[in-house]
Amino acid sequence: MLDDAGLHALREAARLSPDNLPLRRHLAEQLLTKGYLAEAETEFRAALVLSPQDPDVIAGLAEAFVRQSAYGAALSALEPLLAAPGHAPRVGLLAARALLGEGDVAGAARRYHDAVARDPSLADPDLAARLTPQPVPAAPPYAPETPLYGAEAERSGVTFADVAGMEAVKESLRLKLLLPVQQPELFAAFGKRAGGGVLLYGPPGAGKTHLARAAAGELGAAFISVGLADILDMYIGSSERNLRATFEMARRHRPCVLFFDEVDALAARRSDMRQAHTRQLVNQFLAELDGVEENANEGVLVLAATNAPWYIDVAFRRPGRFDQMVFVPPPDASARAAILRILCRDKPLAEMDYDAVAKVTDGFVGADLKGVVDRAVETKLRQSISAGRPLPLTTNDLLTVAQATRPTAVKEWLGTARNYVLHANDSGAWDELMPWIDGKAGRTGKKGSKGGW
Ligand code: ADP
């Protein structure tokens, strides 16, 4: 690997010959190797301008995305490569990482096993351990009025009572989303319009989807959840149709919460590939959001989520669109205890000390804690079967699994966030995130103690 002086020289050389593709590519790769992810991304983008179809550059860009938790963006970048049958195994491996980041374990496992079968040197035991095989659901039958990718309106059985901690987040959602609908007169009196979109952002697994679903339950509204990458991944002509059908479905089911996950996917497309078509899609998305006819979206509340808010185009953040950003933080110790309590509540339990488990799970998000509880329950089930009687779950069961578990990448996420927002908060857009960036929030131990963020 290059030392810092070598890297500096390389940067200089690239600055002096900006059109030298091999040089820029080399610089980008070195930056990636050294973990300067944001800068690597910039360099790969610059190289992509010089050579738009270059598979190595696209793969490099995708890796920079994956390592910055921008999984939707990574999948979008990789899509043209994945579509080619003989793609490089490394591309499949990157797709596996991105799919896992998006929670698609089955899809990730398929990509991973395919990549390793073709290049065994890519085997990654840590990754493989997180890919328990799952059955692939059958594709739903196609009906013209439903979107092609099979989104469905559901009745949400969860409410804010099922979301532990996050009091500040719930309060701001109540104010932004629920009160305007529940008490429209009050809001009208202050000249505020109901509706508008809210963008939830935060590390993967912190509970954005869970929160959106709970907001629907709290409102008694239908819930439609859409991965934006699902819409975009359809071949060209269908994307527009899908988007339109999705909004129409939401309007038919009003009151409805329409939830778009991975909105960063749209941003990645816009800047890199298929410019003209993507621009058209972004415009259509914004037009649907604005409501083609007046009051078209009455009773439709649009929520969106992303792990990579810094990729979201400013056009999305204009008034009346996603003008409200809400940070969904990693849970602190008391929130972790509360999440564990909720996750365990309908299991057979001994007397539980959730605080003790919360103490050893610094850096875990809700999704990690769910994994811990699921694994502890599995073990207990096996023990109960051999004992021939039901054994209750104990604090120790949770502690044992927790201590053997590595949390997902909250720390890395905060590091990435720091790079992006530290010097870019003039507008105050990142105010909620700032205390986490400079380490003033979320710490559970003493100041300066190990294990905090
Ligand atoms: P994200 O959308 O931010 O990636 P999810 O909403 O998918 O994260 O969270 C993963 C799982 O973790 C949820 O299904 C839920 O079971 C659990 N979880 C996360 N946060 C909470 C919370 N605050 N209270 C209860 N469960 C939570």
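Me: What do I need to know about the model before we start?
Reply: The model is predicted; local features need pLDDT of at least 70, side-chain atom pairs count only at pLDDT 80 or more, and totals for chains, interfaces and linings use all residues. Residues are numbered from 1 along each chain as its sequence is written, and side-chain values use heavy atoms, with hydrogens and water left out.

Me: OK. How many helices and strands are in the protein chain?
Reply: The protein chain has 21 helices and 6 strands. Helices (H or I, at least four residues) and strands (E, at least two) are DSSP runs, numbered from the N terminus.

Me: And what share of the residues counts as buried?
Reply: 51% of the 453 residues. Buried means under 20% relative accessible area, exposed over 50%, and partly exposed in between (1.4 Å probe, protein chains only).

Me: On to the ligand. How many residues surround the ligand?
Reply: 15 residues do, and the closest are Ala164, Gly205, Lys208, Thr209 and His210. A residue is near a molecule if one of its heavy atoms lies within 4 Å of it.

Me: Where does the ligand lie relative to the domains?
Reply: The ligand lies between domain 2 (153-327) and domain 3 (329-453), because both give residues to the shell around it. The domain bounds come from an automatic or database domain assignment.

Me: How much of the ligand's accessible area does the protein cover?
Reply: 83% of the 560 Å² that the ligand has on its own. Accessible areas come from the Shrake-Rupley method with a 1.4 Å probe; for residues, only the protein chains shown count as cover.

Me: Which elements give two or more residues to that shell?
Reply: Helix H11 (208-219) and helix H18 (366-387).

Me: What does Pro203 touch?
Reply: Leaving out residues up to four places away in sequence, Pro203 touches Lys208, Asn307, Phe327, Val328, Pro330, Val410 and Trp413. Contact means heavy atoms within 4.5 Å.

Me: And Thr405, buried or exposed?
Reply: Thr405 counts as buried, at 14% relative accessibility. Thr405 is in the loop between helix H19 (395-403) and helix H20 (410-421). A polar atom of the Thr405 side chain lies 2.6 Å from the backbone oxygen of Val401.

Me: Which peptide bond is cis?
Reply: The one from Arg254 to Pro255 is cis, with omega near -5°. Pro255 is in the loop between helix H13 (236-252) and strand S4 (256-261).

Me: What about phi of Ser69 and Glu262?
Reply: Phi of Ser69 is near 70°, and phi of Glu262 is near 60°. Most residues other than glycine have a negative phi, and most peptide bonds are trans.

Methods
A polar contact is a pair of N or O atoms within 3.5 Å; within protein, one must be able to donate a hydrogen and the other to accept it, and residues adjacent in sequence count only if both atoms are side-chain atoms.
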